[in-house]
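Open the model in your viewer and keep the sequence panel beside it. The tour below moves from one selection to the next and says what is there.

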Amino acid sequence: MTVEGEGEEAPPARRRRGPWRPILIVLALVAVPLSLINASWMAARPAGRLVVVAAGGIAQPMADGAAGDCAATRIKPPGDNIYIEDTLPSLYEATHMGADAVAVPVQRTRDGRMVLFADRTLDCRTDGHGAIGGHDLAELKRIDIGYSYTPDDGRSFPLRGHGVGAMPTVEELLREIPTMRIVFHFQGRDPADADALAAEFRRVGAPIDDKYVFFGDPAVTAHMHRLAPASWTSTVPPGGACLDDYRKIGWSGFVPASCRDATVAVPLEHRWRLWGWPYRFFARMAGANAHVLIYRSEKGGRFSGLDRPEQYDEVPADFHGWLWVDDFYTMGPDLRR
């Protein structure tokens with residue numbers, strides 16, 4: 001005798017849909033347009049051209065060090081590079097090797113001249129002592145600015161004697177390379193430095209046109225902008241507010257107001273954190289009339305330039321902004337390969 005239902009398969013149990021399924025559908029609907037909005041491959045390649053900036057001209061390569069230490073004590077073992085950064089031979093040679101621009105630090109002497117020198121005092125690199133602003137130009141022209149450079153903790157000084165009288169004025173720089181793009185980095189915080197720099201241009205009879213860029217303290221660059229309204233000025237470090245804001249809302253395609261007319265410095269190591277990198281990002285910055293500059297950040301976030309040829313491979317092939325290079329003596333020969 002057969003019992004009703006015996007031997008028949010029970011109907012399959014209905015699967016319960018978990019709460020995750022509608023969530024995944026919503027995420028997919030959001031992710032697809034978000035990906036398209038930030039798709040770099042869909043963006044047009046940027047217009048313009050690459051501008052390679054040789055920081056200091058031909059500089060002595062230096063090992064990374066702690067902030068505030070004496071840079072002259074950590075130059076790398078010298079080869080045939082006998083140039084001292086921020087001198088006329090160094091800056092001229094950088095242009096000869098293919099640099100599109102040079103970057104120089106400037107500060108004011110006691111008698112109101114603007115000279116090229118990075119340190120606030122003479123004690124680290126030179127045979128002089130005290131602050132630049134405590135000396136007249138004639139006194140600075142007597143010191144040896146290559147006196148203390150050493151690759152081996154003071155056992156040898158390969159540049160000693162090569163830098164006597166080599167600290168140039170801005171006037172001398174403008175006369176030596178009159179057609180070169182120059183980035184001036186104010187080392188001081190007194191707006192009077194801008195007046196002194198403008199006076200150097202007047203000595204040469206050169207206009208302050210769009211070949212020149214001015215970085216520095218906000219008070220100094222603001223005054224420089226008043227003296228030369230068409231000039232490109234930026235605080236240091238440049239573009240921090242723009243990048244911070246862009247990382248927060250760039251996914252939406254909107255460009256923050258802080259990026260408008262800004263100088264946006266992108267650290268090479270952190271480029272992938274930017275929405276739409278590289279070409280969508282470049283297009284958005286171009287639309288905001290922003291200047292994009294690529295550099296290398298040292299430990300601690302200090303502003304530094306590229307110093308190894310293989311780093312060129314990390315720069316987008318069609319990058320048409322400004323590329324900051326520290327060791328141009330090593331990097332220059334590989335620039336156009």
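A residue is called buried when its relative accessible area is under 20%, exposed when it is over 50%, and partly exposed in between. E139, with a relative accessible area of 27%, is therefore partly exposed. Keep in mind throughout that this is a predicted model.

**Whole chain**

Start with everything shown as cartoon. The secondary structure comes to nine helices and ten strands. Of the 337 residues in the protein, 47% are buried. Among contacts with a separation of 6 or more, 64% are between residues 24 or more positions apart.

**Salt bridges**

Side chains of opposite charge can pair when their charged atoms come close. Counted with a cut-off of 4 Å between a side-chain nitrogen of Lys or Arg and a carboxyl oxygen of Asp or Glu, the protein has 18 salt bridges.

Select E139 again, together with R110. Their side chains form a salt bridge, with 3.3 Å from N to O. R110 sits in the loop between β2 (101-108) and β3, while E139 belongs to helix α3, so the pair ties together parts that are 29 residues apart in sequence. R110, at 47% relative accessibility, counts as partly exposed.

Next, select R125 and E85. The closest N and O atoms of this salt bridge are 2.7 Å apart. R125 is in the loop between β3 (114-116) and α3 (137-140), and E85 is in the loop between β1 (51-55) and α2 (88-96); the pair links distant parts of the chain, 40 residues apart. Are these two residues buried or exposed? R125 has 10% relative accessibility and so counts as buried. E85 has 11% and also counts as buried.

Move on to R296 and D307, whose side chains meet in a salt bridge at 3.2 Å, N to O. Because R296 lies in strand β8 (residues 291-297) and D307 in the loop between β9 (303-304) and β10 (322-325), the pair ties together parts that are eleven residues apart in sequence. Both R296 and D307 are buried.

To see a network of salt bridges, select R113, E171, R175, E200 and R203, which are linked in one.

**Helix α6**

Select residues 218-227, which make up helix α6, and show its buried residues: V220, T221, H223 and M224. On which side of α6 do they lie? They cover an arc of only 160° around the axis, which puts them on the same side of α6. An α-helix has 3.6 residues a turn, so residues three or four places apart point the same way.

The buried residues of α6 pack against β4 (181-186), α5 (192-204), β5 (212-216) and β6 (232-235). Then zoom in on the start of α6, where a side-chain oxygen of D217 comes to within 3.0 Å of the backbone nitrogen of A219.

I249 is part of helix α7 (residues 240-249). With a relative accessible area of 37%, I249 is partly exposed.

Key. Residues are numbered from 1 along each chain as its sequence is written. This is a predicted model: local features need pLDDT of at least 70, side-chain atom pairs count only at pLDDT 80 or more; totals for chains, interfaces and linings use all residues. Side-chain values use heavy atoms; hydrogens and water are left out. Helices (H or I, at least four residues) and strands (E, at least two) are DSSP runs, numbered from the N terminus. Buried means under 20% relative accessible area, exposed over 50%, partly exposed in between (1.4 Å probe, protein chains only). Contact means heavy atoms within 4.5 Å. The arc is that of the directions from the helix axis to the C-beta atoms. A polar contact is a pair of N or O atoms within 3.5 Å; within protein, one must be able to donate a hydrogen and the other to accept it, and residues adjacent in sequence count only if both atoms are side-chain atoms.
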